[in-house]
Amino acid sequence: MGIKGKKIAVLSGKGGTGKTLVSVNLAALMSESNYVDCDIEEPNGYLFLKPKNIKTEKVTREVPLVNHDKCTGYKKCVEFCKFNALAYTSKLIVFENICHFCGGCMLVCPEGALSTKEREIGRIEIGKSSGVNTYTGFLKISEPSGTPIIEKLLDKVSTSPLTSIIDAPPGSACTTMDSIKNADYCILVAEPTVFGAHNLEMAYDLVELFEKPFGVVLNKTLDGENPSKDLCVEKDMKILLEIPFDEELGRLNSKGHILVNESKKYKEMFGILLHKITKEVGR
Amino acid sequence: MIIAIPVEKDSKESLVSEHFGRSNYFLIYNTDAKEYRFVKNSAAKSSGGAGIKAAQIVVDENTEVLVSPQLGQNAADVIKEAKIKIYKAQVGTIKENLQALEEEKLNLLSEVHEGYHGN
Amino acid sequence: MKELLILSGKGGTGKTTIAGAFIKLAQAQAFADCDVDAPNLHLSMELKDEAKVKDFYGMDKAYINQDKCISCGICKENCKFEAINYDGDKNKYTINPYGCEGCSVCQFLCPEDAISMEKDVAGQLILYDKEQIFSTAKLKMGSGNSGLLVSEVKKQVKSTNRGIEFSIIDGSPGIGCPVIASITGVDMILLVAEPTISGISDLMRIIDTANHFKVPMVLTINKYDINEDLSKKIEAICREKEIDFVGKIPYDKKAVEAVNKRLTVVDIDCQAGKSIKKVFDKTMNLFLKNKENE
């Protein structure tokens with residue numbers, strides 16, 4: 001047993017805690033790995049890994065297509081649609097960005113006037129950065145939801161023999177759930193503030209709900225109080241690593257450098273983290 | 001001519017609603033018959049697409065003129081497709097707005113704000 | 001009531017910290033937290049009075065009446081959201097509430113009328129309205145409908161109808177549905193940018209999103225000294241995009257201390273607090289001037 005082929009999801013209740021920092025450095029530390037950026041609203045990992053040989057794949061979603069010649073204006077579909085994505089005036093209007101594509105309109109249409117077409121909602125970019133295969137999802141601007149993008153990303157690595165590091169979207173909404181659903185292990189990253197602790201608790205509730213094994217990385221720790229650490233003690237959460245606040249780290253990170261490639265200290269630090277995770281996953 | 005106005009209460013004294021899609025009622029006023037009635041806006045509590053559903057209600061009443069303080073993009077798409085004229089409502093009562101409309105003091109609603117998103 | 005929305009695209013840029021400081025400085029009579037997924041503003045506010053809490057209902061969710069179900073599986077075959085679980089041992093179908101989006105296709109197709117659509121609490125709406133008005137919410141884990149909840153949070157403030165001049169709103173991160181709902185109808189956006197390559201990437205995406213709505217934007221750089229070159233780049237972006245630049249705020253460890261003492265940065269004597277004060281003056285100047293032009 002080891003970490004090969006396992007899916008490690010990195011998450012945090014709030015953004016900006018260092019989720020991407022932890023993800024890219026873990027991925028870069030391994031001789032071969034997958035890095036999957038599921039934070040499709042604000043993907044950032046590729047800015048650090050700078051992958052090459054990018055292949056782009058469009059991600060589409062099915063939406064209804066109206067055959068206006070067949071539509072006679074029964075409005076059954078308009079009445080049925082729970083999302084209010086359809087309206088009928090002198091012809092049927094489909095609001096594609098509101099449609100969830102449940103298929104209900106097609107089922108209820110007595111004239112068979114509805115079929116499907118594909119609507120582009122974003123893209124994924126697949127590239128390579130040294131030993132890291134990168135998979136990045138991008139939600140198209142002003143598109144409300146990108147669950148199919150996350151599904152496609154995770155599909156790409158589902159049978160990979162390599163370790164996959166999954167950079168999950170912040171929060172605990174459905175996209176975060178989708179991202180961690182099939183993870184073998186979760187890493188929760190938290191800041192040393194009352195905000196951080198509040199959001200760590202949310203992430204904790206989420207991994208508990210999915211009954212995932214997990215550990216916590218405390219980032220940007222300072223001398224003085226750390227409400228997140230207190231919460232770990234209180235809830236008996238395993239602390240995997242503490243990364244002290246460091247201006248050098250801040251600078252390297254702001255420029256998009258990967259710490260483990262630039263600094264011996266951080267290579268060792270993340271080495272210890274990887275070792276701990278490997279042990280935890282192997283349990 | 002049939003006029004529709006989003007309103008807060010189902011009474012003649014009601015104020016015009018600030019919202020279109022999530023107003024409580026629509027006043028439907030037939031100027032020829034001088035008859036009015038109130039239609040409950042079943043879209044008001046929708047999780048999403050309230051503007052679209054509200055627009056459908058207005059269209060289904062054979063409305064020719066809509067007086068509303070604002071209109072989302074999606075609702076406007078439906079209203080325009082149905083060739084309903086849209087005037088910008090003033091803050092105030094139904095009566096004040098009907099009078100202003102009659103005296104041609106209301107402007108056509110030109111600005112349409114981007115869609116309302118409720119998932 | 002005029003609305004000032006504070007947004008950042010990327011999380012962790014200090015949006016809530018700045019919102020807290022702004023509320024304090026403005027002695028704002030009304031404010032709201034639209035980060036319904038991970039609300040934090042309440043943690044830095046002194047809230048004395050009791051909150052009014054009410055359930056927020058999202059889409060109805062399907063429910064299978066096991067007494068009527070004949071386990072034909074038609075519901076599962078037709079569910080596009082893979083929200084119906086099948087237990088082969090018991091030959092039993094159940095709804096996964098986290099997957100169900102409430103489309104009611106299963107209810108429509110069920111030959112035995114065994115499926116009903118039931119009301120579902122998707123979160124809580126919270127309102128403090130004694131002295132200051134503070135509207136916030138908490139979305140239930142794994143829930144959709146966050147955009148609607150954001151709209152409800154904003155509506156709670158407006159519905160108090162006390163003739164208050166303006167409100168300050170802490171927005172949600174990202175560029176998706178809740179952000180779009182946050183932006184809808186506001187009068188000005190204050191963008192909080194961070195001088196990191198991630199921060200700039202996210203900033204460009206949020207600017208594009210906000211441009212869609214034609215709302216005037218101003219921008220401040222937080223923690224500008226972690227990378228001064230990138231801070232200059234952000235100022236250049238402001239010029240190019242015709243966004244008013246309202247100043248920069250240094251990284252300050254004392255900000256962390258303030259947050260942990262449940263204070264705002266302007267409650268303690270620190271550099272970040274002083275800079276925020278300047279940013280605040282410039283922003284409010286533009287926000288209120290903007291108002292007069294209406």
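This is a predicted model: local features need pLDDT of at least 70, side-chain atom pairs count only at pLDDT 80 or more; totals for chains, interfaces and linings use all residues.
## A walk through chains A, B and C

In strand 12 of chain C, C:V218 is the bridge partner of C:L190.

Zooming out, chain C is assigned two domains: domain 1 takes 2–57 + 125–292, and domain 2 takes 61–119. Their C-alpha centres lie 41 Å apart. Chain A is also divided into two, with domain 1 made of 7–59 + 122–281 and domain 2 of 68–112. In chain A, 41 Å separate the two domain centres, again taken over C-alpha atoms.

Where do chains A and C meet? The contact draws 53 residues from chain A and 55 residues from chain C. Putting them together buries about 4,500 Å², and carbon and sulfur atoms give 64% of that area. On the chain A side, A:E42, A:I141 and A:F195 lose the most area to chain C, together 15% of what that side buries.

Now for the sheet in chain A. This one is open, with nine strands in the order 3-6-7-2-8-1-9-10-11 and mixed pairing. Strand 3 (52–66) and strand 11 (239–244) of chain A are the edge strands, each pairing on one side only. From one strand to the next, the twist averages 20°. At the strand 3 end, the neighbour is strand 6 (residues 114–129) of chain A, joined in the antiparallel sense over 13 bridges. If you want to find that pairing on screen, look for A:K52, whose bridge partner in strand 6 of chain A is A:K128.

Helix 1 (residues 19–29) of chain A touches several strands, including strand 1 (7–11), strand 2 (33–37) and strand 8 (163–167) of chain A, and its direction makes about 165° with that of strand 8. Helix 11 (residues 264–281) of chain A lies across strand 1, strand 9, strand 10 and strand 11 of chain A, running at about 165° to strand 11.

Chain B has an open sheet of five strands, ordered 3-2-1-4-5, with mixed pairing. Why are strands 3 and 5 of chain B left with one side lacking a neighbour in the sheet? Strand 3 (35–40) and strand 5 (85–88) of chain B stand at the edges with a single partner strand each, so one side of each has no neighbour there. The twist in this sheet averages 25° from one strand to the next. Strand 1 (residues 2–7) and strand 2 (residues 25–30) of chain B pair antiparallel over six bridges, with B:I3 opposite B:Y29. Helix 3 (residues 94–102) of chain B packs on the sheet, at about 145° to strand 1 of chain B.

Last stop, the nonpolar cores. In the largest one, with 65 residues, B:F20, B:L66, B:L71 and B:I79 touch the most other members. Helix 1 (residues 50–60) of chain B gives the most to this core, with seven residues. A second, separate core of 45 residues includes C:L127, C:I169, C:A181 and C:I237.

Note on methods
Residues are numbered from 1 along each chain as its sequence is written. Chains are lettered from A and ligands numbered from 1 in the order in which they are written. Side-chain values use heavy atoms; hydrogens and water are left out. Two strands pair if DSSP finds at least two bridges between them. Helices (H or I, at least four residues) and strands (E, at least two) are DSSP runs, numbered from the N terminus. Axes are lines fitted to C-alpha atoms, for helices over the stretch in contact, and angles run from 0 to 180 degrees between N-to-C directions. Contact means heavy atoms within 4.5 Å. Domain bounds come from an automatic or database domain assignment. A nonpolar core is a set of buried Ala, Val, Leu, Ile, Met, Phe, Trp, Tyr and Cys residues joined through side-chain atoms within 4.5 Å. Buried means under 20% relative accessible area, exposed over 50%, partly exposed in between (1.4 Å probe, protein chains only). Buried area is the accessible area (1.4 Å probe) that two parts lose on being put together, summed over both.
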